[in-house]
Amino acid sequence: MEKSYLGLEIILINLKLPKNIEEKVLKLFRLIDTDNSKSIDRAETLKFWSKNFPKLNSNELFTNVDKNDDNDIQEEEWLEFWTRVLGNHKQDEISEEVSFI
Ligand SMILES: [Ca+2]
Ligand SMILES: [Ca+2]
């Protein structure tokens, strides 16, 4: 029993973003959220996205990030998205992607 509990703990740690990356992506979130509503809407991404992430378009972003389909990206959805990205890419690449901040 002790063993499986420990296993669960490791899974939970692995699902969390490293602190430095989390800080960066939250900074990025606030940068995009220009009206400070704690959520990112399509107009905000369109203003911000095309300049900074030419490879990823705004529609793609909402498909991937807006899991509850309310056309707003909440902070939890944003962090979840980057956690998934981190699972697919090396940490260095993400640092690079958000390094313009
Ligand atoms: Ca907003
Ligand atoms: Ca949402």
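Predicted model: local features only at pLDDT ≥ 70, side-chain atom pairs only at ≥ 80, totals over all residues.
Entry 1, overall layout. I began with the secondary structure and found 6 helices and 2 strands in the protein chain, which follow one another along the sequence in the pattern α-α-β-α-α-β-α-α. I then looked up the contacts with a separation of 6 or more, and residues 24 or more positions apart account for 56% of them. Of the 101 residues in the protein chain, 10% are buried.

I looked up how helix 2, residues 19–32, packs on helix 5, residues 75–88, and noted an angle of about 135° with the axes 10 Å apart. Because angles over 145 degrees would count as roughly antiparallel and those from 65 to 115 as roughly perpendicular, I recorded helix 2 as oblique to helix 5. The crossing of helix 2 past helix 5 is right-handed. On the side of helix 2 the contact is made by Ile-21, Glu-22, Val-25 and Phe-29, and on the side of helix 5 by Glu-75, Trp-78, Leu-79, Trp-82 and Leu-86. Sorting this contact by class, I listed 7 nonpolar residues, 2 charged ones and no polar ones.

Which residues form the largest nonpolar core? I found 6 of them, namely Val-25, Ile-40, Ile-73, Trp-78, Trp-82 and Leu-86, and helix 5 gives the most to this core, with 3 residues.

Notes
Residues numbered from 1 in each chain as written. Chains lettered and ligands numbered in written order. Axes fitted to C-alpha atoms, helices over the stretch in contact; angles between N-to-C directions. Helix = DSSP H or I, 4+ residues; strand = E, 2+ residues; numbered from the N terminus. Parallel < 35°, antiparallel > 145°, perpendicular 65-115°, else oblique. Left-handed = near helix turned anticlockwise from the far one by under 90°. Contact = placed C-beta atoms within 7 Å. Nonpolar A, V, L, I, M, F, W, Y, C, P; charged D, E, K, R; others polar. Core = buried A, V, L, I, M, F, W, Y, C linked by C-beta atoms within 7 Å. Buried ≥ 20, exposed ≤ 12 C-beta atoms within 10 Å, placed from the backbone.
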